[in-house]
Amino acid sequence: MEHGHLHHISGSLDSIASGGGGASDRILQWSVQETRDFLMIRAEMDQNFVETKRNKLLWEVTSRKMMDRGYNRSAEQCKAKWKNLVTRYKGCETMEDELMRQQFPFYNDLQAIFEARMQKMLWMEAEGLVSGSKKRVTHLSSDEDDDDDNEESGLERIHSGKNKKKKSIKSSNGNNPSGSTSSNTKEILEEFMKQQMQIEMQWMKTFEEKEEERRLKEIEWQQRMESLENERIMLEQRWREREEQRMMREEARSEKRDALLNALFDKLNREGM
């Protein structure tokens, strides 16, 4: 029931992202490749969304970037698609890994975006920018109607265990201020490096998959070109054979015509004599 409800929400939001109800939804459905390209654009602009509360202009920029890649998607469609993906991402938190990949193939892409965002927060804390950054972080990906605040709450739930762990370290070192700062910074940096390695592995896996897909397409293209070339050679060979047969028939007719003319001349010569 929970998975069915999740798919119902996904279908409804996809309908909004496509521009309304009706038969046109089936035409304007987001393909897997289009969604991955959209997530790549969204990942590149994520820091701008984090730092900007009124992000209508950012969705317009996202729409233009999609058009540059050949996709006709409006700012509202991009925004609705993002909300739909985040909703499905949060719904996959309680699923097992294998089932999660089957139900939602973009889980790892979204996880990479949120992990990178959390790394930025940890880096600001490690650099002593907490006081100036936390106020901005509380507005993660908010929009004019503040619907995207749910995204932040989902992200906070994902990393709540990490925050609790950091708070416990701070409280345990409360009686030793000098050691507290050093221990906390070390813990944050270790966590940052761990998450950085995970994200790099994920992006490397995605790159390898895309490279393998490109290689297979290139092999398929080469095989198709070889097939067309073989077909061209066969057609050319058949044409040459037919041309040779035509020339042989022409030569045979010419020889017969010459023989008849010679016989006729011989007959006329004999009668004239």
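**Close-up views of a predicted helical model**

**Figure 1. The Glu 211 and Arg 214 pair in helix H12.** Glu 211 is partly exposed, its relative accessible area being 33%. The model shown here and in the views that follow is a predicted one. Arg 214 is likewise assigned as partly exposed, at a relative accessible area of 41%. A salt bridge joins the side chains of Arg 214 and Glu 211, with an N to O distance of 2.6 Å. Both residues belong to helix H12 and stand 3 residues apart, which means that about one helical turn separates them. Side chains of opposite charge can pair when their charged atoms come close.

Figure 2. The chain contains 12 helices and 0 strands. Of the 273 residues in the chain, 31% are buried. Across the whole structure, 15 salt bridges are found; several of them are described in the individual views.

Figure 3. Arg 36 pairs with Asp 109 in a salt bridge whose closest N and O atoms lie 2.9 Å apart.

**Figure 4. A salt bridge between Arg 69 and Asp 37.** The side chains of these two residues, Arg 69 and Asp 37, meet at an N to O distance of 3.8 Å. Arg 69 is located in the loop between helix H5 (56-68) and helix H6 (75-91), while Asp 37 is in helix H3, so the pair ties together parts of the chain that are 32 residues apart in sequence. Arg 69 is partly exposed, with a relative accessible area of 39%. Asp 37, by contrast, is buried, at a relative accessible area of 9%.

**Figure 5. The second largest pocket and its lining.** The space in this second largest pocket amounts to about 320 Å³. Its lining comprises 15 residues, of which Arg 36, Pro 105, Asp 109, Thr 206 and Glu 209 are the closest to the centre of the pocket. Helix H3 (32-44), helix H8 (107-126) and H12 are the elements that each give two or more residues to the lining. Helix H12 supplies the largest share, with 6 residues. Sorted by class, the lining of the second largest pocket has 7 charged, 4 polar and 4 nonpolar residues. Two of the residues named here, Arg 36 and Asp 109, are the partners of a salt bridge.

**Figure 6. A network of salt bridges.** The residues linked in this network are Glu 229, Arg 232, Glu 236 and Arg 240.

**Figure 7. A nonpolar patch on the surface.** The patch is formed by Leu 261, Leu 264, Phe 265 and Leu 268, which together have about 370 Å² of accessible area. One of its members, Leu 268, lies in helix H12, which spans residues 177-272. Leu 268 is partly exposed, at a relative accessible area of 47%.

**Figure 8. Glu 93 and Tyr 107, with their C-alpha separation.** Glu 93 is found in the loop between H6 and helix H7 (97-103). Glu 93 is partly exposed, with a relative accessible area of 33%. Between the C-alpha atoms of Glu 93 and Tyr 107 the distance is 9.5 Å, and the two residues are 14 residues apart along the chain.

**Figure 9. Glu 200 and Ala 112, with their C-alpha separation.** Glu 200 is situated in helix H12. Its relative accessible area is 46%, which means that Glu 200 is partly exposed. The C-alpha atoms of Glu 200 and Ala 112 are separated by 9.0 Å, and the residues are 88 apart along the chain.

Definitions and conventions. Residues numbered from 1 in each chain as written. Predicted model: local features only at pLDDT ≥ 70, side-chain atom pairs only at ≥ 80, totals over all residues. Heavy atoms only, no water. Patch = residues over 30% accessible without salt bridge, like charges linked within 9 Å, V, L, I, M, F, W, Y side chains within 5 Å. Areas by Shrake-Rupley, 256 points an atom, 1.4 Å probe, with all protein chains shown as cover. Salt bridge = Lys/Arg side-chain N within 4 Å of Asp/Glu carboxyl O. Helix = DSSP H or I, 4+ residues; strand = E, 2+ residues; numbered from the N terminus. Buried < 20%, exposed > 50% of the residue type's maximum accessible area, 1.4 Å probe, protein only. 1 Å grid on protein atoms, 1.4 Å probe; cavity = no way out; pocket = protein on both sides within 12 Å on 5 of 7 lines; lining within 4 Å. Points joined across faces, edges and corners; volume = space filled by probe spheres on them. Nonpolar A, V, L, I, M, F, W, Y, C, P; charged D, E, K, R; others polar.
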